[in-house]
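Here are some notes for a colleague who is looking at this structure for the first time. They go from the overall fold to individual residues.

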Amino acid sequence: MRKSIEDIWQSGFIDDMALIAPKVNNLYAMKSKNLVDKFESLFAANQKAVLFAAMVIGSAVAYVGAPFVGAIIAAMLTGLVMAGHGQLKKLSKISKDQSSFEYLNEFDIWLDNAIAQYTQIYRFFYPALFAICTVRYAYSDNAIAVLTQLDMVNSNGMPSFTVYAAIGLISLILGVAGARIYRADVTMVYGREIKKLKALLNEMKALRED
């Protein structure tokens, strides 16, 4: 994929008839290439980190006595990685037979769509993760002891309806706030590069319009 992208930069983002100095054209082409390379590097690192977390967290939770929960968490995190691979396949389908400006513009559209998809995924990911972990913990001996003192157990000594209602309410709040939490994460990891991308596209568009 890298070789194909490099071929795009060589073609430049302005056609041969454009009255732009070659050095300026090459400068923006190089800036574009470096920016996309940076995005790909960050995305690949994030994918590896999530996959590593799936193995570590899944194993750790299983080790402390909750193998079923550990397997679910590992599967959820692996699902995020699979979604990422799906987005990379979409990126690879962007036509290489176009100028670097056009490719960078389509890359920007792809990035916006990828963020939108992940935003929807995390609306369910965060509350599901919280609910699974807290429900499992609610049945542990330590939790039952605390809930008993708080008079939040039923006649069978198990968590009462109030406990499930509280878990459900917090999960609902996390579902509503999930989009904001994810976008804050995106801003922290990719924010600087996204600003560079938008700024570079605006500059390139301005040059094309002159």
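**Notes on the structure**

1. Gln87 is buried, with a relative accessible area of 2%; buried means under 20% relative accessible area, exposed over 50% and partly exposed in between, with a 1.4 Å probe and protein chains only. This residue sits in helix H3. Leaving aside neighbours within four places in sequence, Gln87 is in contact with Trp110, Ala114 and Gln117, where contact means heavy atoms within 4.5 Å.

2. The basis of these notes is a predicted model, in which local features need pLDDT of at least 70 and side-chain atom pairs count only at pLDDT 80 or more, while totals for chains, interfaces and linings use all residues. Residues are numbered from 1 along each chain as its sequence is written, and side-chain values use heavy atoms, with hydrogens and water left out.

3. The protein chain has six helices and zero strands. Read from the N terminus, its elements run α-α-α-α-α-α. Helices (H or I, at least four residues) and strands (E, at least two) are DSSP runs, numbered from the N terminus.

4. Of the 210 residues in the protein chain, 38% count as buried. Among contacts with a separation of 6 or more, 73% are between residues 24 or more positions apart. The accessible surface comes to about 12,700 Å², and carbon and sulfur atoms hold 64% of that; the areas come from the Shrake-Rupley method with a 1.4 Å probe, and for residues only the protein chains shown count as cover.

5. Which residues have the most contacts inside the largest nonpolar core? They are Phe39, Phe107 and Leu197, in a core of 38 residues. H2, H3, H4 and H6 each supply at least two residues of this core, and the largest share, 12 residues, comes from H4. A nonpolar core is a set of buried Ala, Val, Leu, Ile, Met, Phe, Trp, Tyr and Cys residues joined through side-chain atoms within 4.5 Å. In soluble globular proteins, nonpolar side chains tend to be buried together.

6. Phe39 deserves a separate entry. Not counting residues up to four places away in sequence, Phe39 touches Phe107, Leu111, Tyr190, Glu193, Ile194 and Leu197.

7. The largest pocket has a volume of about 500 Å³. A pocket is an open set of points on a 1 Å grid over the protein atoms alone, where a 1.4 Å probe fits, with protein on both sides within 12 Å along at least five of seven lines; lining residues have an atom within 4 Å of a point. Grid points are joined across faces, edges and corners, and the volume is the space filled by probe spheres set on the points.

8. The lining of the largest pocket counts 29 residues, and Phe43, Asn46, Gln47, Tyr118 and Tyr190 lie nearest the centre. Helix H2 (22–63), helix H3 (67–92), helix H4 (100–138) and helix H6 (161–209) each supply at least two lining residues. H2 gives the most, with nine residues. By type, the lining divides into 23 nonpolar, three polar and three charged residues. Here Ala, Val, Leu, Ile, Met, Phe, Trp, Tyr, Cys and Pro count as nonpolar, Asp, Glu, Lys and Arg as charged, and the others, Gly among them, as polar.

9. Val81 is in helix H3 and counts as buried at 7% relative accessibility. With neighbours within four places in sequence left aside, Val81 is in contact with Gln47, Val50 and Leu51. Val81 and Asn46 are 35 residues apart in sequence and 9.0 Å apart in space, C-alpha to C-alpha.

10. Gly58, in helix H2, is buried with a relative accessible area of 10%. The C-alpha atoms of Gly58 and Ile73 are separated by 6.1 Å, at 15 residues apart along the chain. Beyond neighbours within four places in sequence, Gly58 is in contact with Ala53, Gly70 and Ala74.

11. Ser171 belongs to helix H6 and is buried, with a relative accessible area of 11%; residues up to four places away aside, Ser171 touches Pro127, Phe130 and Ala131. Ser160 lies in the loop between helix H5 (141–149) and H6 and is buried at a relative accessible area of 13%. Apart from neighbours within four places in sequence, Ser160 is in contact with Met152, Val153 and Asn154.
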